[in-house]
Amino acid sequence: MAFQCQRDCYMQEFSTSVVSCSEAELQLENNGKKEKVKGYNVKLKDTILFPEGGGQPDDRGTIGGVSVLRVLRQGPEAVHFVDAPLEEGQEVQLTVDWGRRFDHMQQHSGQHLVTAVAETMFGYKTTSWELGRQRSSIELDTPTVKPGEMEALEAAVNQRIRDNLPVTVQLLSLDDPALEKVRSRGLPDDLAGPIRIIDIEGVDTNMCCGTHVSNLSHLQVIKILGTEKGKKSKTNLSFLAGSRVLKYAEKSHSIEKSLVGLLKTGSEEHVEAVDKLQKTVKRLQKSNLTLLRDMAVLIAQSFKNNPEGGNFFSVHNKDGDNEFMNTIANEIGFEHTTIFLTVGEEKGAGMFLLAAPTCVVDSMGKRVLELLEGKGAGKNGRLQGKAGSLAKRAEVENLLRDHCSQAKSG
């Protein structure tokens, strides 16, 4: 059957009645994680809330003031998952989240247009597509695209938008001979009722269950962001349509203004300015590494030349790295000396090295890891790894110092 949302994609409110309501559970995404949520499955006499299908996500809205969390298709029916029960037979008013719906209409009709023109101009057939939250992608049946083709495609689809071409819906029976001329990637196994055809005048005729604009002018504009290599000799094309292009331009302009303030140059000079900064940073990092190595050697020599140095040495350096710690350990030597070194934020995460006689590492290593909330590996008198927190660094130092004092006195 065709739902009211498919007969009139622009309808934002609708009155209908509740056919059934039953308790249910559904996995919903919350902050990137899926969790089971208890609610109710509601079937209506008809609906303006689109159930997911044809690559298009489902709608959101309300039924009698009750929030609709998902809309799923089960054969010829739409099942609305809601967070509160509704009475069977109750007359209800439906509202659709129009911002979400119209965005989906723009992206979906935009996909039909890009797909049709790409095939007409270059013979690139579409094998699948995805309507994403930020951008949409079309999988083209070609391993590569030639230079200039995407620019030509973008110009062509935007010309069709300026041509103000109507988009109409037809319903055809399965045995209608007109179906032979219709583009399709196959029909669902549980299809019920007539075949729904979306026709862009003079451009494309395609089977589709989704919601669409009634005229290409409602797309406003399409921006092709680029292509990248896909799976199995395919190419993925990314695009934006309608309001998403405006939001993208607004965001890009905001970033550009911020960069002008940070880089103190005009936008046309940003790439050059960033390139110079990266080269400068690399030179400074190289110089810093050299200074750290020299510092590590001096620290080690200072300890070795101190007649009262003893059998324990410890130091923390916020800016050090693994090479800094290993240089100190190797310069001092740890056959008879216990060395405890850390780098990173004093109270935050960092890295550590315990270099000592094997018996010390074996007996104290586990406790050191516990206090530092660390993970590491030990071999040949070394225990080295990452510290989840260096807040108890002083406690570890005292623990090792006491152990060394006892061993010396013993």
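Modeller: A disulfide is a pair of cysteine sulfur atoms within 2.5 Å, and by this rule the count comes to 0 disulfides. This is a predicted model, in which local features need pLDDT of at least 70 and side-chain atom pairs count only at pLDDT 80 or more, while totals for chains, interfaces and linings use all residues. Residues are numbered from 1 along each chain as its sequence is written, and side-chain values use heavy atoms, with hydrogens and water left out.

Biologist: What makes cysteine 9 buried?

Modeller: Buried means under 20% relative accessible area, exposed over 50% and partly exposed in between (1.4 Å probe, protein chains only). Cysteine 9 has 6% relative accessibility, so it counts as buried. Cysteine 208, with a relative accessible area of 11%, is buried too.

Biologist: Why is the pair of tyrosine 10 and tryptophan 98 called tilted?

Modeller: Rings of Phe, Tyr and Trp (its six-membered ring) pair if their centres lie within 6.5 Å; planes under 30 degrees apart count as stacked, over 60 as edge-to-face and the rest as tilted. Here the centres are 6.1 Å apart and the planes make 45°, so the rings pair and the class is tilted. Tyrosine 10 lies in the loop between helix H1 (4-7) and S1, and tryptophan 98 in helix H2, so the pair ties together parts that are 88 residues apart in sequence. Helices (H or I, at least four residues) and strands (E, at least two) are DSSP runs, numbered from the N terminus. Tyr10 and Trp98 form one aromatic cluster with Phe102.

Biologist: How do you know whether tyrosine 10 is buried, exposed or partly exposed?

Modeller: The relative accessible area of tyrosine 10 is 27%, so this residue is partly exposed. Tryptophan 98, at 22%, is also partly exposed.

Biologist: What makes S1 and S2 a pair?

Modeller: Two strands pair if DSSP finds at least two bridges between them. Strand S1 (residues 13-30) and strand S2 (residues 33-44) have 12 bridges in the antiparallel sense, so they pair. In this pairing, serine 22 stands opposite asparagine 41 in S2. Both strands belong to a closed barrel of 6 strands, which runs S1-S2-S5-S4-S3-S6 with antiparallel pairing.
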